[in-house]
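Me: I have a chain open in the viewer and would like to go through it. Can you help me read it?

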Amino acid sequence: MRNILGWIIAIASLILALFFGSIWFNRFRLDYNSQGKYFDELAGVVYNKDGVLLYGTLTLFFILIGLISWMIIVRTKHT
């Protein structure tokens with residue numbers, strides 16, 4: 001049961017890392033003005049440059065959680 005829970009945590013965190021990583025990559029490529037804002041005319045939405053840091057941090061966090069849980073799974077299999 002513990003092994004199954006570890007796999008669920010590992011897979012879910014890596015899926016979340018992919019999700020937040022794709023948002024980070026899209027936000028990173030935007031052409032922000034000197035105030036750190038980007039206006040999307042089609043959607044009528046203003047994106048702030050601070051979102052790049054937030055989504056990058058979430059991506060790294062979920063990558064670390066996924067790798068740590070994967071390492072715990074591998075270590076418990078060999079013992």
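What follows is a short chat about the fold, the overall dimensions and the surface of this chain.

Me: What kind of model is this?
Reply: It is a predicted model.

Me: OK. How many helices and strands does the chain have?
Reply: The secondary structure comes to two helices and two strands.

Me: And in what order do the elements run from the N terminus on?
Reply: The order is α-β-β-α.

Me: What does the C-alpha trace span along its principal axes?
Reply: The spans are about 55 × 20 × 15 Å.

Me: How does the radius of gyration sit against a compact globule?
Reply: The chain has 17 Å, whereas a compact globule of 79 residues would have a value near 12 Å.

Me: How much of the chain counts as buried?
Reply: Of the 79 residues, 24% count as buried.

Me: And the accessible surface, what does that come to?
Reply: About 6300 Å², and 70% of that belongs to carbon and sulfur atoms.

Me: Switching to the surface. Which residues form the nonpolar patch?
Reply: The patch is made of Trp-7, Ile-11, Ile-15, Trp-70 and Met-71, which together have about 530 Å² of accessible area. Two elements each give two or more residues to this patch, α1 (2–28) and α2 (50–77).

Me: Which one gives the largest share?
Reply: Helix α1 does, with three residues.

Me: Where does Trp-7 lie?
Reply: Trp-7 is in helix α1.

Me: Why does Trp-7 count as partly exposed?
Reply: Because its relative accessible area is 33%, and partly exposed covers the range between under 20% for buried and over 50% for exposed.

Terms used:
Residues are numbered from 1 along each chain as its sequence is written. This is a predicted model: local features need pLDDT of at least 70, side-chain atom pairs count only at pLDDT 80 or more; totals for chains, interfaces and linings use all residues. Side-chain values use heavy atoms; hydrogens and water are left out. Patches are made of residues with over 30% relative accessible area and no salt bridge: like charges are joined within 9 Å, nonpolar side chains (Val, Leu, Ile, Met, Phe, Trp, Tyr) within 5 Å. Accessible areas come from the Shrake-Rupley method with a 1.4 Å probe; for residues, only the protein chains shown count as cover. A salt bridge is a side-chain nitrogen of Lys or Arg within 4 Å of a carboxyl oxygen of Asp or Glu. Helices (H or I, at least four residues) and strands (E, at least two) are DSSP runs, numbered from the N terminus. Buried means under 20% relative accessible area, exposed over 50%, partly exposed in between (1.4 Å probe, protein chains only). The radius of gyration is taken over C-alpha atoms; the globule rule is 2.2 Å times the number of residues to the power 0.38.
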